[in-house]
Amino acid sequence: MTFVCPDKNCSLCPRLVEFRSANRLKFPTYFNAPVPPFGPLNAQVLIVGLAPGLNGANQTARPFTNDYAGDVLYPILKKFGFAQGEYKKRKDDGFELLNVRITNSVRCVPPENKPTGEEIRNCGKFLTDEIAAMPNLKLILTLGGIAHNAVLSVLGYKKSNFKFKHGAVHFLDKHNLLLLNSYHTSRYNINTGVLTFEMFEQIVAQFASLLAQK
Ligand code: URA
């Protein structure tokens, strides 16, 4: 089984390389490289986000860390027993994920948080390898429509057969995997009321109960 992580100078996406070079000059203490996944490879759940935030994962080198979206995500995972330790917004805070791994559809920070279709496709090979490298994987939770489509596309499913809907559970028969949809835990979604903390707690409760049944 191959398991390829992008090189810290990965050159697949010219626009992201250019942004990275500028950020290395502007923010020399930041990580400024493709952000590796977080959590154990033998987890049953993979959470797929969008892309590192400029001052979040791109700074700290850990998905959703020092990012508003992580302030929503991590305490709720902990509340439901999927994490332990204290989340202190740093890679070395000792915070640990339990039975959950987290990755992004695109591993490099994109300008204005918006990866292009081509960048999502380029980074898809890492998502494919990630999924293949998780021997106990039962459920993928996608945060937002972009992550949902990225997963369908790398696994070879037709998007029209699996419409993104918050709370929807899809069955990926060729892979014997459940695919659960949630709105992204972004500040924008929380501020506009698209997603509330309670709604996201329900999503985590839902995957806990799906795991218990599967
Ligand atoms: N930080 C990440 O790592 N991913 C997201 O999708 C959002 C913030």
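**Entry 1: the cavity.** I asked which helix gives the largest share of the lining of the largest cavity. I found helix 4, with three residues. Helix 1 (14–26) and helix 4 each supply at least two lining residues. Helices here are DSSP runs (H or I, at least four residues), numbered from the N terminus. A cavity, on a 1 Å grid over the protein atoms alone, is a set of points where a 1.4 Å probe fits but cannot get out, and lining residues have an atom within 4 Å of a point. I noted 13 lining residues, with Cys10, Cys13, Leu16, Cys108 and Cys123 nearest the centre. They divide into 10 nonpolar, one polar and two charged. For these classes, Ala, Val, Leu, Ile, Met, Phe, Trp, Tyr, Cys and Pro count as nonpolar, Asp, Glu, Lys and Arg as charged, and the others, Gly among them, as polar. The volume of this largest cavity is about 90 Å³, where a volume is the space filled by probe spheres set on the points, which are joined across faces, edges and corners.

**Entry 2: ground rules.** I reminded myself that this is a predicted model, where local features need pLDDT of at least 70 and side-chain atom pairs count only at pLDDT 80 or more, while totals for chains, interfaces and linings use all residues. Residues are numbered from 1 along each chain as its sequence is written, and side-chain values use heavy atoms, with hydrogens and water left out.

**Entry 3: the second largest pocket.** A pocket is an open set of points with protein on both sides within 12 Å along at least five of seven lines. Helix 5 gives the most to its lining, six residues. Among the lining residues I marked Gly117, Arg121, Asn149 and Lys159. By class, I have four nonpolar, five polar and two charged.

**Entry 4: helix 4 against helix 5.** How do the axes of helix 4 (residues 117–132) and helix 5 (residues 145–155) cross? They come within 9 Å and cross at roughly 70°; axes are lines fitted to C-alpha atoms over the stretch in contact, and angles run from 0 to 180 degrees between N-to-C directions. The two helices are therefore roughly perpendicular, the word for 65 to 115 degrees. In contact (heavy atoms within 4.5 Å), I found Ile120, Gly124, Leu127, Thr128 and Ile131 of helix 4 meeting Ile146, Ala150, Val151, Val154 and Leu155 of helix 5. These contact residues divide into eight nonpolar, two polar and no charged.

Terms used: Angles under 35 degrees count as roughly parallel, over 145 as roughly antiparallel, 65 to 115 as roughly perpendicular and the rest as oblique.
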